[in-house]
Amino acid sequence: MQNDQPQTIQRADYQPLSWTVDTVDLHFALDAGATVVTNRMRCVRNPDAAPGPIRLWGEAMERLELTVDGAQPVALRETGALLEIDAAGESVMVEVRTRVDPRANTTLSGLYLSSGGFFTQCEAEGFRRITWFPDRPDVMARYTVTLEADREACPVLLSNGNLVGQGELPNGRHYAKWEDPFPKPSYLFALVAARLVALERKVRTLSGREVLLQVWVEEGNLDRCEHAMEALVNSMRWDEETFGLELDLDRFMIVAVADFNMGAMENKGLNIFNTKFVLAKPDTATDVDYENVESVVAHEYFHNWTGNRVTCRDWFQLTLKEGLTVFRDQQFSADMLARAAGPEGAASARAVKRIDDVRVLRAAQFPEDGGPMAHPIRPDSYQEINNFYTATVYEKGAEVIRMLHTLLGQEGFRNGMDLYFSYFDGQAVTCDDFVEVMSEANNGFDLDQFMRWYSQAGTPRVKASGTWNAADGCYALTLSQHTPATPGQPDKLPLVIPVAVGLIGPDGRDLPLRLEGETQAGATTRVLKLTEEAQVFRFIGLAAEPVPSLLRGFSAPVILELDEDDARLAFRMAHDADPFNRWDAAQRYAERVVLAMAGGASAGLPQAFVNAFRALLADTRLDPAFRAQALALPAEPYLLERMSPADPGALRTALIAVMGALGRELAGDWLRVVDGMQVSGPYRYHPGDAGKRALVNLALRYLCAGGQPSGLALAEARFAAATNMTERFGALAALVQSSSPARGAALLAFHARYRNDALVLDKWFALQAGAWRWEEGGEPALDRVRVLLSDPAFSLANPNKVYALLGTYFRANPGEFHLADGSGYAFWADQVIALDARNPQVAARMARALENWRHYAPALQARIRPQLERVLASPGLSPDVAEIVGKALQ
Ligand code: 0A1
Ligand code: ZN
């Protein structure tokens with residue numbers, strides 16, 4: 001353990017290995033307490049690297065035997081996890097036998113047990129916990145894998161690629177042999193040996209090949225796989241139609257496992273998923289769960305090309321596969337929503353998806369960019385790579401790809417993708433390779449300055465101001481940019497920022513745009529390229545002063561600073577032709593009102609705000625899903641980030657007041673919404689229906705926050721009468737987030753109904769951990785969380801449970817976590833330390849809840865620091881947590 005001497009890996013130090021591997025033959029004698037792994041790999045000299053020894057990494061296993069070409073190696077040096085072997089010639093056969101203990105593996109990295117089955121997780125560096133190997137993504141080899149296990153306990157034996165043999169063995173054991181025809185890095189290796197059943201479907205690919213699709217789950221879950229299968233088929237079609245990319249295997253498998261650190265993993269041909277992102281049926285999954293299943297299935301499937309066929313040269317390039325694949329899954333989901341909405345509703349449906357994505361970016365990535373873990377989408381250094389599966393690498397990475405798409409256009413982007421695969425299929429490459437190919441496919445489009453998005457951390461601020469000259473009908477828009485300093489990067493250079501702009505006339509309609517020097521007016525939205533520190537754009541031929549609508553569709557991941565008074569925000573809420581910006585205007589207005597109240601500047605809701613809100617709510621031309629988005633307040637972590645210093649207690653008081661007042665003042669409107677939004681027929685997941693349910697659930701939230709008996713009674717009635725999880729959970733959540741005396745009974749009833757359903761219990765845990773205090777003397781969430789920690793259904797060993805209970809409390813309930821007496825922080829430290837002993841990745845995620853502690857009021861900081869120090873000083877601390885807490889304290 002390295003907490004006093006953290007090792008930092010630098011991107012600039014990359015060197016190719018002197019020896020790589022071209023074929024691997026693995027044999028697993030699977031046993032819960034002692035699995036023996038035999039690895040025969042052909043190591044080959046790398047002509048592109050300086051001469052040196054064979055380098056193999058290994059951790060957490062016992063080495064039983066190691067031979068080189070059948071003999072004991074003459075020179076072998078072992079330092080920590082690295083083994084160096086001197087070898088002669090152009091290729092040698094290295095055979096290594098190791099013993100691993102899956103039952104003792106609580107990290108869920110490498111080979112581990114879940115419900116009696118064997119599963120692996122190898123990204124980023126889990127393969128080295130299975131066998132000694134040059135465990136880096138730039139070593140791509142062909143794998144043959146033989147699994148041997150007890151037939152009774154593990155009737156199903158899966159690995160990557162094609163099944164080429166199977167049979168019986170003595171002592172009740174059996175085996176299966178798999179061959180993966182595609183070279184792959186070790187992080188994409190997977191095996192599963194468990195008691196599972198599959199939902200199967202056969203489909204034809206674009207070129208007419210028949211492929212077998214399987215979704216493997218525990219027997220009792222077979223009725224929850226249909227949606228994942230549907231999502232997989234839709235993803236396949238979409239990638240064929242959009243990028244001409246087809247499935248390259250005869251069989252594609254998804255396996256669901258209940259114990260998993262992340263969402264899912266794109267192992268070649270054998271995706272392993274957290275059950276949360278596979279299983280869905282109307283009685284147990286909400287509309288949002290259905291959406292998440294669809295997008296995670298798509299994400300992992302899309303990795304088959306962007307990640308697997310073309311992979312990353314080193315882990316610094318992670319956004320090469322993640323940013324691009326998130327962008328692809330976002331586009332896919334938007335297309336699915338637009339298709340379901342039909343031509344009339346398509347634009348609004350796409351905006352709803354965009355809003356969802358930007359909400360995530362603002363709530364998770366912006367705070368990351370403003371704290372001690374701020375890093376460029378391609379980091380320059382790390383201590384523990386598992387800490388860099390971040391919102392920056394994923395979500396901001398996707399925004400960077402989106403900007404490329406905006407700058408090059410759909411066709412230019414597609415041409416770039418085609419060229420990328422034609423050059424790099426089967427290779428491990430860098431972000432530079434990707435951007436260069438995009439330029440080459442677009443007549444040498446200059447992307448040199450654009451590359452700064454890969455190297456600069458921090459969220460850029462774009463300041464906008466306009467001047468109107470009535471005499472010559474000219475509106476001059478000045479845009480300037482500034483990126484604040486981040487750790488290790490005091491000075492920033494100007495970026496290429498595409499700013500999509502519209503001008504709204506006094507009648508609320510968009511004006512055709514004509515820039516100085518142009519002969520005629522054209523489109524009503526234009527993408528301006530801001531490349532300097534400051535630029536002026538002159539729009540001419542205007543009859544009256546326009547209202548600018550900037551950064552339409554959130555055309556760049558920046559914070560837009562524009563002075564707009566309340567009246568102007570209300571005007572844009574009512575008229576902006578860009579639905580994203582209409583939502584954003586409402587968010588800005590709500591932010592202003594909430595923060596004014598939190599800062600003590602105002603005691604009540606401004607009537608103009610209530611009116612603007614009511615107008616949106618009552619506008620039945622607007623799609624319900626859009627209205628649900630527009631009327632939801634900005635996320636609490638985002639608002640906290642916007643306060644200086646952040647005062648979670650004051651913010652919570654303000655939020656309770658604002659929600660309550662909106663509930664009461666608009667009670668009649670909310671009740672009408674609930675009445676008028678009936679969805680008929682049995683539940684089906686359909687975006688149109690989901691939008692209506694979302695708006696009804698939001699109405700219940702406001703009504704319950706308002707605390708009036710009629711609203712509370714309505715939520716109780718809907719909870720009792722609900723026929724699907726979206727309605728049942730929506731009503732329950734509304735009751736829990738209120739002073740209703742029926743809260744406790746509703747939680748009990750919900751528990752009684754779902755006590756044997758792990759995923760639904762996660763919702764039950766999260767709801768209580770996230771509960772606000774709606775009345776004097778109400779129960780602090782911390783007390784409840786402590787009680788739930790010893791609930792029989794809770795377990796620190798299951799990441800989903802930890803994220804539901806502790807993750808929700810630490811991250812999504814700041815008003816209850818940041819208690820003035822510091823008791824929340826002491827509890828946090830206890831839990832991080834306890835988790836770290838078992839699962840450092842999960843512990844590190846929880847540790848991140850306090851990384852932005854310097855944003856908080858001094859009295860809170862004084863309580864946080866000793867707890868951070870206590871964690872850092874804890875004996876045997878993992879490098880994962882040490883990196884997070886160490887950087888926070890720096
Ligand atoms: N590549 C996966 C995410 C993932 C990353 C790391 C993991 O273990 C440490 C597991 C999954 C994805 O992007 O979906
Ligand atoms: Zn991914």
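In the hairpin of β13 and β14, Asn171 adopts a positive phi near 60°, with three residues between the strands; helices (H or I, at least four residues) and strands (E, at least two) are DSSP runs numbered from the N terminus, and two strands pair if DSSP finds at least two bridges between them. The structure is a predicted model, in which local features need pLDDT of at least 70 and side-chain atom pairs count only at pLDDT 80 or more, whereas totals for chains, interfaces and linings use all residues. Residues are numbered from 1 along each chain as its sequence is written, while chains are lettered from A and ligands numbered from 1 in the order in which they are written.

Strands β13 (residues 162-169) and β14 (residues 173-179) run antiparallel and are joined by seven bridges. Within this pairing, Gly165 has Lys177 of β14 as its bridge partner.

An open sheet of five strands shows mixed pairing and the order β16-β17-β18-β20-β19. Strands β16 (197-204) and β19 (264-265) stand at its edges, each with a single partner strand, so one side of each has no neighbour in the sheet. Strand β17 (residues 210-217) runs parallel to β18 (residues 251-257), to which five bridges join it; Val215 stands opposite Ile254 of β18. Strand β18 is in turn joined to β20 by five bridges, again in parallel, and Val255 has Ile272 of β20 as its bridge partner. The pairing of β19 with β20 is antiparallel and comprises two bridges, with Met265 partnered by Ile272. In the hairpin formed by these two strands, four residues lie between them and Gly269 takes a positive phi near 70°.

Five of the five residues of β20 (residues 270-274) are buried, so this strand is largely enclosed by the rest of the structure. Both of its faces are covered, with Leu270, Ile272 and Asn274 buried on one side and Asn271 and Phe273 buried on the other.

Ligand 1 is surrounded by 15 residues, of which the closest are Gln121, Glu123, Met262, Met265 and Tyr389; a residue is near a molecule if its C-beta atom, placed from the backbone, lies within 6 Å of it. Strand β19 and helix α2 (287-303) each supply at least two residues of this shell. The shell divides into five nonpolar, six polar and four charged residues, where Ala, Val, Leu, Ile, Met, Phe, Trp, Tyr, Cys and Pro count as nonpolar, Asp, Glu, Lys and Arg as charged, and the others, Gly among them, as polar.

The protein chain as a whole has 25 helices and 30 strands, and 51% of its 890 residues count as buried. The C-alpha atoms fill a box of roughly 85 × 70 × 60 Å along the principal axes. The chain averages a pLDDT of 98, and 99% of the residues score at least 70; pLDDT is the predictor's confidence in each residue, from 0 to 100. For the complex, the predictor gives an ipTM of 0.99 and a pTM of 0.99.

Definitions and conventions. Buried ≥ 20, exposed ≤ 12 C-beta atoms within 10 Å, placed from the backbone.
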